[in-house]
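Visitor: Could you take me through the salt bridges in this model, pair by pair? I would like to hear where the partners sit and how exposed they are.

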Amino acid sequence: AKEMKRIWLGFGILVLFLALGFWSSYGMQSLHEPLAHDLEQAAKTALSGDLPAGRVQAQKAKKQWDDQWHATAILADHTPMDEIDSQFARMEVYAQAENAEAFAASCQQLAQLITATAEAHSFTWWNIL
């Protein structure tokens, strides 16, 4: 009887960890996909000749990134997060210099980095375990 309790307790802990894995995988994707989209739109807007509007879109993405930074840091490796933070800083420098091409390239690179981070934590069996 005592051993059965331990088995059920172990099974319950396993189910809890699997549920947390599912939730974190879904959460990472739902946090990062809108960011990548906003950055891609910022790049397109800047390249179309409206750098100020592109900058506003990119600043919106930066605010979202800052707001969800701690949630991402709990689940993600910090190396890509540091790279994303650095790229956001570069993006702002290009915006201040009014270099639309470099700004757009920076936004596109950020979108790729954020998408890669989301994919690294995607809803796959090897990420959940």
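Guide: Happy to. Please keep in mind that the model is predicted. The partner of Asp 38 is Lys 60, and their side chains form a salt bridge with an N to O distance of 3.8 Å. This pair joins distant parts of the chain, since Asp 38 belongs to helix 1 (residues 2-47) and Lys 60 to helix 2 (residues 51-75), 22 residues apart. Lys 60 has a relative accessibility of 47%, so it is classed as partly exposed.

Let us move on to another pair. Arg 55 and Glu 92 form a salt bridge in which the closest N and O atoms lie 2.3 Å apart. Here too, distant parts of the chain are linked: Arg 55 is in helix 2, Glu 92 is in helix 3 (residues 78-96), and 37 residues separate them. Glu 92 is partly exposed at 23% relative accessible area, and Arg 55 is partly exposed as well, at 25%.

Glu 83 meets Arg 90 in a salt bridge, with 3.7 Å between the closest N and O atoms. Glu 83 has a relative accessible area of 30%, which makes it partly exposed, while Arg 90 is partly exposed at 33%.

Terms used. Residues are numbered from 1 along each chain as its sequence is written. This is a predicted model: local features need pLDDT of at least 70, side-chain atom pairs count only at pLDDT 80 or more; totals for chains, interfaces and linings use all residues. Side-chain values use heavy atoms; hydrogens and water are left out. A salt bridge is a side-chain nitrogen of Lys or Arg within 4 Å of a carboxyl oxygen of Asp or Glu. Helices (H or I, at least four residues) and strands (E, at least two) are DSSP runs, numbered from the N terminus. Buried means under 20% relative accessible area, exposed over 50%, partly exposed in between (1.4 Å probe, protein chains only).
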